[in-house]
Amino acid sequence: MSIYSKILVVADINNDKQPALARAIQLAKKSVSKSRITFFLSIYDFSYEMTSMLSVDERDAMRRGVIGQREVWMKKVAEPYLDDSIEFDVKVVWHNRPYEAIIAEVFGGQHELLIKGTRKHDTLESVIFTPTDWHLLRKCPSPVLLVKNAFWPEEANILASVHVGSENDTHLELNDTMVDRLLEISNRLDAQPFIVNAYPVTPANITIELPEFDPTSYTDAVRGHHLTSMKALRQKHGMNEEQTFVEQGLPEDVIPDAVEKHKAAMVILGTTGRTGLSAVFIGNTAEHVIDKINCDVLALKPNGYVSPLDPNHTA
């Protein structure tokens, strides 16, 4: 069964070029079943709510007029990307919180993948992740693909960042999911798949507190455990040793280095979906990594994740 046959694409209202839509089309064209893409936009103008001289019906009519204009524009900018092999529709809603509108549509339309373009800094080459991007990464129930640009290089590389050293069932299931998605997306985008894993540096304070402690033996043991676990993971999914990397260091250092070294066009990451104050002040490994890489990012949630915006969930 093919994944990601129902794709929600967020339109970039400030640009006639739509890199997120371009990537969605690439993925959809190699789907086993016929794909459906919904091109989505959430708009809001507070001035329409403040026009006290107009009646409620008149304000509604003005909003419908704006929505209609945007629908016409979206169909126009989408035209160069489309063909008869893909089912396509456009949807515009009036909502003052874009991420809530997007996630509501994910639930309502049962979309299997959300794709959104990122913004480039005006003067720097780096990508800017907006507050909406972060909300989607943390709270969207479906996988989120944040796209850097429309260009997809030939013979591109895709990296999946796994956590093979863990014995936690959630992490192990997420590792398998990430590798499954890595192999399918690599096939769809004619890319080369690779897996990367970071293992920790021996804490310096241990050698001070425990004089008899042998840091070299400890480091060798940790590396050996990660190499053995990585071997089991790649063999389970039919991958070669040349397609896997086990590096010492923090993930937020190792993964960006691997992206740069292997010229990765996409990185697949697992996220915990942490929300609330813990996300604001602590974040998680994926969020630290995302801030440092300049390529497409596919963020996957673990099995059992419940979005705080799930209409069927009560806290």
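**Pockets, a strand and a histidine**

Colleague: Which residues lie nearest the centre of the largest pocket?
Modeller: In this predicted model, 28 residues line the largest pocket, and Asp12, Ile13, Asn14, Lys116 and Arg119 lie nearest its centre. The space in this pocket is about 780 Å³.

Colleague: Which strand gives the most to the lining of the largest pocket?
Modeller: Strand 2 does, with three residues. By class, the lining of the largest pocket holds 11 nonpolar, 10 polar and seven charged residues.

Colleague: What volume has the second largest pocket?
Modeller: Its volume is about 550 Å³. Its lining has 26 residues, and the closest to the centre are His163, His171, Pro251, Gly270 and Thr285. Helix 6 gives the most to this lining, with five residues.

Colleague: And how many charged residues has the lining of the second largest pocket?
Modeller: One, alongside 13 nonpolar and 12 polar residues.

Colleague: Turning to strand 11, how many of its residues are buried?
Modeller: Six of the seven residues in strand 11 (residues 264-270) are buried.

Colleague: Which residue stands opposite Met266 of strand 11?
Modeller: That is Ile158. Strand 8 (residues 157-162) runs parallel to strand 11, and four bridges join them. Strand 12 (residues 296-300) is also parallel to strand 11, joined to it by five bridges; there, Leu269 has Ala299 as its bridge partner.

Colleague: One more topic: why does His237 count as buried?
Modeller: His237 counts as buried because its relative accessibility is 15%, and buried means under 20%. His237 lies in the loop between helix 8 and strand 10.

Colleague: With which side chain does the side chain of His237 make a polar contact?
Modeller: With the side chain of Asp180, at 3.2 Å. Among the residues that His237 touches are also Asp176, Val179 and Leu183.

Notes: Residues numbered from 1 in each chain as written. Predicted model: local features only at pLDDT ≥ 70, side-chain atom pairs only at ≥ 80, totals over all residues. Heavy atoms only, no water. Buried < 20%, exposed > 50% of the residue type's maximum accessible area, 1.4 Å probe, protein only. Helix = DSSP H or I, 4+ residues; strand = E, 2+ residues; numbered from the N terminus. Pairing = 2+ DSSP bridges. Polar contact = N/O pair within 3.5 Å; in protein donor to acceptor, adjacent residues only side chain to side chain. Contact = heavy atoms within 4.5 Å. 1 Å grid on protein atoms, 1.4 Å probe; cavity = no way out; pocket = protein on both sides within 12 Å on 5 of 7 lines; lining within 4 Å. Points joined across faces, edges and corners; volume = space filled by probe spheres on them. Nonpolar A, V, L, I, M, F, W, Y, C, P; charged D, E, K, R; others polar. Lists of a residue's contacts leave out its neighbours within four places in sequence.
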